[in-house]
Amino acid sequence: MGSRVLRWICACIWVWMASAHATTSLDPELAKQLTASQISQRLGAIETMGQSGSPQAAKVLEALTLANVFVTPQGRVFLDSKPPIDVLTGEPVAQIPEAAERVRLNNRLRGALQTEVAYALLFAERPDTQIQAARQLQSRPDATRVFILQRALDASSNTEVRDAIAVSMAIASLQSDDLAMKLDAIEQLGDSGRGQFKVALQALLAQSDNGTFDQPPSVRDATALALEKIERQQTIQTWLGNLFFGLSMGSVLLLAALGLAIIFGLMGVINMAHGELLMIGAYSTYLVQSAVQAWWPAGIDFYILFAIPVAFVVTACVGMVLEKTVIRWLYGRPLETLLATWGVSLILIQAVRSIFGAQNVEVANPNWMSGGWQVMGDLVVSYNRIYIFFFALFVVAVLWLALNHTRIGLFMRAITQNRRMANCVGVPTERVDMFAFGLGAGIAGLGGVALSQLGNVGPDLGRTYIVDSFMVVVLGGVGQLAGTVIAALSLGTINKLIEPMSGAVIAKIAILVFIILFIQKRPQGIFAPKGRSAEA
Amino acid sequence: MKRRMILKQLTVATALAISGWMPQAVAADDTIKVGVLHSLSGTMAISETTLKDVALMTIDEINANGGVLGKMLEPVVVDPASDWPLFAEKARELLAKEKVAVVFGCWTSVSRKSVLPVFEELNGLLFYPVQYEGEELEMNVFYTGAAPNQQAIPAVEYLLSEDGGGAKRFVLLGTDYVYPRTTNKILRAFLNQKGITDENIEEIYTPFGHADYQTIVANIKKFSQGGKTAVVSTINGDSNVPFYKELGNAGLKATDVPVVAFSVGEEELRGVDTDPLLGHLAAWNYFESLDNPVNKEFVAKWKAYAKAQNIPNYETAVTNDPMEATYIGINMWKQAVEQAGTTDVDKVIDAMGGQTFEAPDGYTVKMDETNHHLHKPVYIGEIQPNGQFDVVWQTEGPIRAQPWSPFIEGNEGKQGM
Amino acid sequence: MTSLTSTAVVVPPHSRTPVLFKPGAWLAISLVVGVFAVLPLLNLWLPVEHPWHVAQHTISLLGKFICFALAALALDLVWGYAGILSLGHGLFFALGGYAHGMYLMRAANPAPGQLPEFMVFLSMTEIPWFWTFTEYPLYSWMLVLLAPGLVAFIFGYFAFKSRITGVYFSIITQALTYAAMLLFFRNETGFGGNNGFTGFKWILGFDITSPQTRAGLYWASLLALLGALLVGRWITTSKLGRVLMAVRDGEGRLRFLGYEPAGFKLFVWTVSAMLCGLAGALYVPQVGIINPSEMSPANSIEMVVWVATGGRGTLIGPIVGAGTVNGLKTWFTSTFPEYWLYALGLLFVLVTVLLPQGIVGLVRKTLQRARGART
């Protein structure tokens, strides 16, 4: 009770001091200290500014988080935006004065900066800014400033925000002398399920040199309980996490292999240039991104929506050209087709290398695909992978519709089951072949769009996925979409379940061995084509 | 049908004729041949094509200034196509057939190791410009890249310091080959010496081309909950990209878990969205952003050359450490030849020791008299959104290389030649 | 999947009468072998300035090509004659190379009990069990044949028994070689990881870099190639060969006739793997390095192109093909380095589309035409 009054008094003084300073401008010496040569001096400047509470200081700190900041010897502060802005007055200026020096930050300074700014952002308008600020403060507990957290807690009505702030307060209160508050804090931390509190909690169980415990038994029991809760949460999170990672990897494999499966099922052609079709899809995304950047910069976050149809069309065209010029001459000779398409893949790789350079090109994630969704506790699931997973399902759904509810889909299924018979009953096999190849290639293009969001876009993109695509196709069997889907998702999941135990390499080798063994048992894959076909 | 036959015959005849006819090299008297042995295709092309271009640029520059010993330099460029046995074959070709006076080349340690026997046998001269794991010292090779004590150790020292974040736990993450393995071995011994116990060090290796870092990032997250953690990444080149992406998406910021990479330079950052990477680190002996007149001139020269030669993506051309090392190497060789008065390999080797050069890294670097390595300064830089590095720490001056790391058993007593 | 095994298979005309080789062909072969055998002598005996002197690097290069030709020949046995397209023969080549490499690594050390350098570096304290006896060349040479042979036998046994054919089989061989490559890239596996084996000094007490040793290795490779040619000829002109060609042309029918193809396939598959291993073993001391990228899927596919370019099912064809493609590679990567991949890719496409019989087939047709025109 007494301490609460004390806190309230401190808060009042702080507010009074803040309002008293509201009209005075920022001390130029303090601003200049930001460009000092010693990091400790710069750190001091940031911390002083943060604790001063002055709105001017707050503006400067905020500017530091946005872009490069320059300070003149007279203490004027400029933000290097377009156009440059004088931070203290808020006015744009024509250019930053020559004499101004750039404020150089490093991680240590940035960490301190983020903490200082977080205290101010606790009172921001948007809830997710407040939550982020609260989370930032969870990693840097400062018992002397708990009262600010208390103020923020009282000021907010949003439950998520209040929870986040409560946890921040809890971690800061772990060192407090008030037993009730401490136990409360320990329980909150246990409920949060976040592993980052383990160390702080474990410190409470410490023994000093002479064997006695630092904390009374009630505290130690509560701590043990909290730690147990966290452990349990962590196990669940690990398993869920691995499952998700596996599904995510599976969805990537699915997108990569789907096109190959269609072509293989239809024509028995293993297209070794399939990886390069993925690559072309990824480069199309890059080109769309560049185009959007050049002609509609405001819409840069939506370039992906344009990239999808463009990539599809471009790769479909490439596929159809490929079919007409090379594959067509090699009917009935699947092994030769394999070799010829390998040759085509070499040509495509070198062509891309000559046009775009051997280096990787930059494909940025749109804003709404960056970051992750915090499912529970520590388990964060990246947005881009979630979107890709659903995109893969969407593509499968569309494909299923196309195969089962359109005329050409009917033809494709007929040809897959028995080409000669289909020919006999009047299915135009050559045209359907070309169309199917285009479709398979187009889907590979879509796979390339997804891959561009996950990793590098370079001439060798296709090579890294080709073997995996083969494995999915071989395992999944031919003729049924379901086979490919199940094969891809299982391979991804199994890989990710093995990986934590034995490392990435062994997991991959194990998968390959598994496939080799599986094929011995079921040579045609999971879903073998039904029907009578003369097998030699 | 007949036309097809003729077409086929012509194709084959041409192929056979061309393959059977390997042009004989004729060494002109008024040029000095210089070999360039970098992969222009295959997995290493990403990194090595720019080195070939920088080499050609430097050779052009030297020729414009009168050549070496009054003769023009004639570059002989071959493509070992990231194929290690082909490296050995091409090296042999350069030395025995083309009779080059010196070879500038190689990137990966495998490529270097596969050509070493050839250089030893034919007494050739190789300048190797890439940072590597050390544990080697060959008479016929001059190493213009960093040894571990000129890159890895200062980087980790920085991470341990308060300015660098005061890390207490380390994750040593690398691709599974000799450079990461050796570097991590050295770093582990170094960290043990600094009081970081083995339970606070985790070593993880991934295969080449590994793209799915979800599990590894989750592990790092868990590991970092035990204390302030830093990651030392010896992941090969562009495999760093999916790693950084995953790290960013999982919410691990550089202020929480800083990552210092040894194989990420300006060139690798070109193909990457650098916004989420702000604050992550790299350690090199040179950055394009260094502010000194020699570097400004070097960068300008390179950009002009890239434009003039119409190299793909010349608008965003950047310079990086191996490029600078190539530039230094070729110039130092020129100086040594002029000092020795001949291109004879043994004499040039003798003349190399003690050569100095005003390098774009802002210092006058020196080729050590006894250990065939350069004295190089060390810079630690943070990634900026524009793909450049902001130097946050640097050594007082160039430091001498220790190719035989004192942190690996069996190296006591091994020093120079 | 009828499209895979439909009867629209192109049946090479010479499959009906495998006369290997006509007297004219024997003469040509002897001539070529003679010329090749003399080349090292031109290197060793003639002084450097002599116009007929053959440079050292040419000998090394040709020795390498001969090893490749041997590997291509091995592949032709299974592909050209039994119709089994293997996209993983690089694995057997590499296994043979590694087996021999183990001996060479041991030989490079002054004391036989000493660990090879890379093991010291990995903090291994003693030689792993699979390295025992490798200091004895005879054991190592046995391993050169046994290792690939065993792997091929086990893999082939299960694969052929399960009747995996055609494209599925090819893809599985890719998986096999890819998995092996990943395994060997691991430093813990004990085979030198990414660096592989390098730094060889002695072979059977001879300095590995001396011209005499190089000539010796060259002649050994040439002899091996000749031997393999004769073995191949013996297999394919025997009754076994007829069965194999029946397997290639119509396995189903063969089964209905009462033969069990699996045993025959397994036999030729294992022999092919051993020959390939031999090629690898001879390749390694001439090149000076073996590393897991020899097992890469791309390498194995390149081997197939050697056979296809030369002409499969002819035994001579793959030798010609290996020489041609590798010669082109050497030339292109020096003269037009930027265009090498275009050339190789174009070669693949043209050969499969326009020249299904390869160079040898083309020559044969031309000769037949000439003969036909005369009569």
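## A serine in helix H2 of chain B

Ser47(B) is buried, with a relative accessible area of 12%, because anything under 20% counts as buried. This comes from a predicted model, so every value here describes that prediction. Ser47(B) sits in helix H2 of chain B, which runs over residues 45-64.

What does Ser47(B) touch once its neighbours within four places in sequence are left aside? Its contacts are then Trp107(B) and Glu268(B).

## A valine in strand E12 of chain B

Now for another residue of chain B. Val365(B) belongs to strand E12. Is Val365(B) buried or exposed? With a relative accessibility of 0%, Val365(B) counts as buried.

Leaving out residues up to four places away in sequence, Val365(B) touches Ile328(B), Met332(B), Gln355(B), Thr356(B), Phe357(B), Ala359(B), Leu374(B), His375(B) and Pro377(B). Pro276(B), on the other hand, is 89 residues from Val365(B) along the chain, and the C-alpha atoms of the two are separated by 35 Å.

## The sheet around that valine

Strand E12 of chain B covers residues 364-367 and takes part in an open sheet of 3 strands. Reading across, the order is E11-E12-E13, and the pairing is antiparallel. Strands E11 (356-358) and E13 (374-375) of chain B stand at the edges with a single partner strand each, so each has one side without a neighbour in the sheet.

How many bridges join E12 and E13 of chain B? The two strands pair in the antiparallel sense over 2 bridges.

## Chain B as a whole

Stepping back, chain B contains 12 helices and 15 strands. Its radius of gyration is 23 Å, close to the 22 Å that the globule rule gives for 417 residues, so chain B is as compact as a globular protein of that length. Its C-alpha atoms fill a box of roughly 70 × 65 × 40 Å along the principal axes.

Of the 417 residues in chain B, 66% are buried. Among contacts with a separation of 6 or more, 67% are between residues 24 or more positions apart. The chain exposes about 13900 Å², with carbon and sulfur atoms supplying 52% of that. Chain B carries 35 positive and 54 negative side chains, and the centres of these two sets lie 6 Å apart.

## Chain A and its sheet

Chain A has 20 helices and 6 strands. Why is chain A described as more spread out than a compact globule? Its radius of gyration is 31 Å, well over the 24 Å that the globule rule gives for 536 residues, so the chain is more spread out than such a globule. Taken along the principal axes, the C-alpha atoms of chain A fill a box of roughly 95 × 65 × 40 Å. Buried residues account for 53% of the 536 in this chain, and its accessible surface comes to about 23500 Å², of which 62% belongs to carbon and sulfur atoms. The 40 positive and 38 negative charges of chain A have mean positions 11 Å apart.

There is an open sheet here too, with 4 strands in the order E3-E2-E1-E4 and antiparallel pairing. Strands E3 (85-86) and E4 (101-102) of chain A are the edge strands, each pairing on one side only. Further in, strand E1 (residues 69-71) and strand E2 (residues 77-79) of chain A pair in the antiparallel sense over 3 bridges. Look for Val69(A), which stands opposite Leu79(A) in E2(A).

## Chain C

Chain C has 13 helices and 4 strands. The radius of gyration is 21 Å, close to the 21 Å that the globule rule gives for 375 residues, so chain C is as compact as a globular protein of that length. Along the principal axes, the C-alpha trace of chain C spans about 65 × 55 × 40 Å.

How much of chain C is buried? Buried residues make up 61% of its 375 residues. In chain C, residues 24 or more positions apart account for 78% of the contacts with a separation of 6 or more. The chain exposes about 14800 Å², and carbon and sulfur atoms supply 71% of that area. As for charge, chain C has 23 positive and 13 negative side chains, with the centres of the two sets 19 Å apart.

Terms used:
Residues numbered from 1 in each chain as written. Chains lettered and ligands numbered in written order. Predicted model: local features only at pLDDT ≥ 70, side-chain atom pairs only at ≥ 80, totals over all residues. Heavy atoms only, no water. Rg over C-alpha atoms; globule rule 2.2 N^0.38 Å. Buried < 20%, exposed > 50% of the residue type's maximum accessible area, 1.4 Å probe, protein only. Areas by Shrake-Rupley, 256 points an atom, 1.4 Å probe, with all protein chains shown as cover. Lys, Arg positive; Asp, Glu negative; His and termini not counted. Charge placed at Lys NZ, Arg CZ, Asp CG, Glu CD. Pairing = 2+ DSSP bridges. Contact = heavy atoms within 4.5 Å.
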